[in-house]
Amino acid sequence: MKELLGTKGLLLNEPLLWEKGKKGRRGFSLPPRDVGSFPVEKELAGEGPDFPDLSEIDVVRHYTRLSQWNFGVDTGMYPLGSCTMKYNPKTNEKQAGLPGLSGGHPLLPASLSQGGLRLMFELEKHLAEITGMDATTLQPAAGAHGDLTGMLLIHAFHKSKGAQRSKIIIPDTAHGTNPASAVLCGYKPVPVSSNEKGILSVEAISQVVDEDTAGIMITNPNTLGLFEENITEIARMVHSKGGLVYCDGANLNAVMGVVKMGEIGVDVMHLNLHKTFSTPHGGGGPGSGPVCVKNHLEPFLPAPRVVEEGGRYVLSEDYPESVGKVLAFYGNFGVMVKAYSYILSMGPENLKKASQLAVLNANYVKEKLKGTLHLPYDRPCMHECVFSDKYQMTNKVATLDMAKRLMDYGFHPPTVYFPLVVHGAIMVEPTETESMEDLDQFIEAFKAVAKEAQEDPDLLYEAPRNCKVRRLDETTAARKPCLAG
Amino acid sequence: MRYLPHTNEDIASMLQAVGVKDLDALFSTVPEDCRLNGDLDLPGPLSEWELNHHMETLSSMMAVGPEYKVYIGAGSYEHFIPASVSYLLGRSEFVTSYTPYQPEMSQGTLQAIYEYQTLITRLLGMEVATASHYDGATALAESLLMAIRSTKRTKVAVSSLIHPLYRRVVRTYFEPTGYEVLELPYLKEGVTDLAGLKEINDLAAVAIQSPNFFGCIEELQETAQEAHDKGALFVVSFTEAIAYGLLKNPGGQGADIVCGEGQSLGIPRAFGGPGLGILASKKKFMRSLPGRLVGQTKDLDGKRGFVLTLATREQHIRREKATSNICTNNSLCALAAAMYMASLGGTGMRELACLNHDKTEYLKAELMGAGFRISFERPTFNEFVVKFPPSFEDTYNRLLEKGIVAGLPLAPYYPELADHYLLCVTEIISREDMDTLVREVKS
């Protein structure tokens with residue numbers, strides 16, 4: 001290996017906010033007081049919050065130093081499986097910051113909000129086209145919120161048929177948000193195992209599906225990075241019992257322009273704009289989780305909805321069967337602006353190309369690392385591949401140790417210990433925005449880590465060494481929680 | 001395409017390494033009948049220059065300041081945001097990172113969110129705050145579900161002066177659960193009528209907003225007493241966090257759970273989102289809180305560090321037994337709020353809150369002086385309801401053409417309040433602006 005990506009640099013210590021500051025400092029320029037004083041009644045007035053007073057440079061240095069303890073996609077490769085940490089284009093940030101788009105009040109008359117309404121109307125159409133569905137709601141704020149919205153739609157659908165059902169079929173490879181969302185709607189999750197190929201079999205579904213099945217939640221491609229090859233047959237079977245098919249679209253990045261879920265039996269699916277459509281994850285949000293549906297679920301979509309009337313856009317509340325609202329206003333509009341900018345910048349050919357290259361990158365990593373790491377499902381993968389620590393465990397080196405050691409080499413670790421069906425899982429999703437050289441560097445780093453695991457496991461147990469802190473005591477953190485200072 | 005780094009040579013050599021002949025062949029596991037025939041019907045690609053032009057056109061079709069003077073709050077407030085906050089928030093180490101599952105590489109986000117949690121507990125007088133929720137409405141829905149879990153009861157009483165859109169979200173969340181949401185009416189003074197509480201049994205929570213949707217400050221202490229007498233939890237909601245720079249905080253007045261919208265704290269309105277769901281509670285409810293929590297701990301060398309903690313409540317561990325389904329939340333908005341609160345400091349927060357209050361009182365007094373009736377007599381913070389004459393709709397539309405949005409008509413939300421308008425004033429509205437407004441509505 002030439003020169004390691006990971007190195008040591010000077011990081012500065014920085015205390016907590018309230019360990020700094022002095023009464024009387026300020027970091028804020030208050031507008032002038034041009035009115036008199038109107039004291040509030042004594043019994044209503046409080047003391048004011050006990051915040052530290054800081055000058056502007058105190059605040060600037062504080063957050064600049066903190067930011068340097070973080071690692072982002074802009075820093076380096078972030079192959080976190082199932083999270084699609086692709087490059088977040090800077091022009092999208094600029095567009096979301098335009099005065100009209102960042103400053104609009106949500107309750108203005110429609111005549112004063114045409115730009116925002118048009119953007120939402122068009123984005124809904126584009127997402128419906130990409131997924132092969134008929135209608136879209138942009139209201140859900142994140143993927144799990146989209147899951148919940150999807151479950152609410154399924155619930156409302158069965159209610160409208162006059163008979164509620166009680167079960168939702170969920171594969172063992174599903175994200176935890178799937179069962180958690182289903183129970184919020186009063187459904188009982190029925191687990192079903194994937195087969196020896198890592199996918200759902202028609203037989204497994206036939207054993208659990210019945211007239212009490214409200215639907216099935218399928219992640220496709222699934223969290224093993226494999227396409228659910230039997231999806232059309234499974235959808236037919238669920239439909240024949242009167243159930244609906246929900247697709248968790250977290251992994252849509254594999255199949256844009258290749259597969260339209262609406263054409264292969266899916267009734268409702270959510271998307272993560274903060275994965276597939278390049279909007280940044282922000283260290284844990286804000287995201288956006290639009291839900292696309294086929295015609296038969298459209299009447300139940302959250303309201304209000306944007307409609308076009310003779311070239312003008314208005315918000316309509318005229319949906320008597322709507323599930324209601326899932327967010328106070330229309331969704332995370334600021335995130336929608338970025339996804340819309342991305343779709344327009346890419347165009348149809350480049351969106352398809354992005355999926356092709358995402359799949360190429362994952363298969364490349366899989367082929368190059370499969371001798372080094374155990375590959376439980378040795379089949380062509382989609383946008384991510386899942387290894388395990390089986391080989392390294394013979395030297396008592398676990399997935400976590402390799403993950404931590406990768407940090408010293410300058411990479412964010414892959415997703416670890418998920419999906420649950422693979423013991424010691426290492427889930428790598430490179431995304432299409434990593435070049436071949438970057439992938440080669442990652443592959444070499446992982447090989448070097450695997451070699452160390454054989455020759456000098458202590459290097460891994462002691463890792464990371466180059467980060468701001470060493471391994472943290474998570475057990476004490478949970479046993480004696482200290483959640484505020 | 002500049003986001004895709006692969007050259008044709010790269011693609012050829014990678015395909016060879018993978019052992020397939022072309023890009024289409026990578027999809028061999030996708031059955032033939034699942035594949036899309038034809039191309040996606042989408043516009044583009046646009047060059048960056050073309051995109052700028054298109055987006056500026058859309059942006060120009062939105063009414064914003066300084067051209068427009070918008071006297072609407074109602075859950076979305078225009079406050080001044082310092083350049084330092086926007087600039088720091090743009091640092092890509094914060095923006096382009098994921099949820100901090102690997103704490104050694106995410107100490108920046110983790111310490112910042114720990115500080116955010118702390119500042120929120122201090123602002124609201126509570127003991128624990130979560131890392132963030134989607135918005136004020138979902139935070140309220142989750143708070144009420146949390147109260148149901150904690151008390152093992154089945155009904156919640158919600159003030160009709162909680163933001164009407166928040167109540168709609170609550171109803172949506174509750175519809176499939178079988179739990180019951182009861183609405184408490186309001187008194188003519190503009191605060192919640194608690195008289196009906198006595199009749200309700202099996203009550204898990206009493207929820208009230210303060211300042212409420214009419215801007216009026218509620219009697220929190222008294223409501224807490226009533227709720228606790230019924231064995232219910234007292235939930236306080238809010239839409240305007242700046243109010244607690246001036247007013248007594250809810251924690252000091254008996255709140256068990258406080259939830260609300262933090263958009264006022266340095267986050268632009270962005271046509272309604274993303275905002276910031278704030279959720280805080282007393283320590284004894286810590287383990288039933290929904291969502292992420294950051295905790296302080298030590299590393300192997302004994303140095304202070306931060307981690308996501310109490311994850312056994314969460315969906316990725318507990319799956320269907322989790323306290324919530326939430327995963328991605330609004331972390332970057334929480335970071336913005338922390339930067340904003342740090343920039344204001346305790347002193348600045350107080351001054352800003354006073355300025356908002358006093359400007360609003362000025363407009364109220366001027367409107368009363370001009371002969372208009374303030375609908376509710378209870379003290380308000382930076383919003384209030386005014387009754388205009390029945391012919392006011394024409395004036396309202398005329399003012400729109402002059403770039404003045406004279407409040408939010410309340411009739412769509414409260415049919416009994418025809419001709420009543422909810423007006424909002426923050427520090428960005430000058431006395432001159434207000435004098436113009438009064439002059440115009442009079443004429």
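## Exercises on a two-chain model

**Exercise 1.** State how the residues that line the second largest pocket divide into nonpolar, polar and charged.

*Solution.* The lining holds 20 nonpolar, 16 polar and 5 charged residues. Here Ala, Val, Leu, Ile, Met, Phe, Trp, Tyr, Cys and Pro count as nonpolar, Asp, Glu, Lys and Arg as charged, and the others, Gly among them, as polar.

The model is predicted: local features need pLDDT of at least 70 and side-chain atom pairs pLDDT 80 or more, whereas totals for chains, interfaces and linings use all residues. Residues are numbered from 1 along each chain as written, chains are lettered from A and ligands numbered from 1 in the order written, and side-chain values use heavy atoms, without hydrogens and water.

**Exercise 2.** Give the volume of the second largest pocket, and identify which element supplies the largest share of its lining.

*Solution.* First, the volume is about 1,100 Å³. A pocket is an open set of points on a 1 Å grid over the protein atoms alone, where a 1.4 Å probe fits, with protein on both sides within 12 Å along at least five of seven lines; lining residues have an atom within 4 Å of a point. Points are joined across faces, edges and corners, and the volume is the space filled by probe spheres set on them. Next, 41 residues line this pocket, and the closest to its centre are Ala96(A), Gly97(A), Ser102(A), Leu89(B) and Pro268(B). Finally, α3(A) gives the largest share, 4 residues. Helices are DSSP runs (H or I, at least four residues), as are strands (E, at least two), numbered from the N terminus.

**Exercise 3.** Describe the contact between chain A and chain B by its residues and its buried area.

*Solution.* Contact (heavy atoms within 4.5 Å) involves 207 residues of chain A and 179 residues of chain B. The two chains bury about 16,700 Å², 65% of it on carbon and sulfur atoms; buried area is the accessible area (1.4 Å probe) lost on being put together, summed over both parts. On the side of chain A, Phe28(A), Phe51(A) and Leu483(A) lose the most area, together 5% of what that side buries.

**Exercise 4.** Determine how many salt bridges cross the interface of chain A and chain B.

*Solution.* The rule (a side-chain nitrogen of Lys or Arg within 4 Å of a carboxyl oxygen of Asp or Glu) finds 9 across the interface. In one salt bridge, Arg470(A) meets Asp301(B) at 2.7 Å, N to O. Helix α9 (residues 333–369) of chain A gives the most to the side that touches chain B, with 28 residues.
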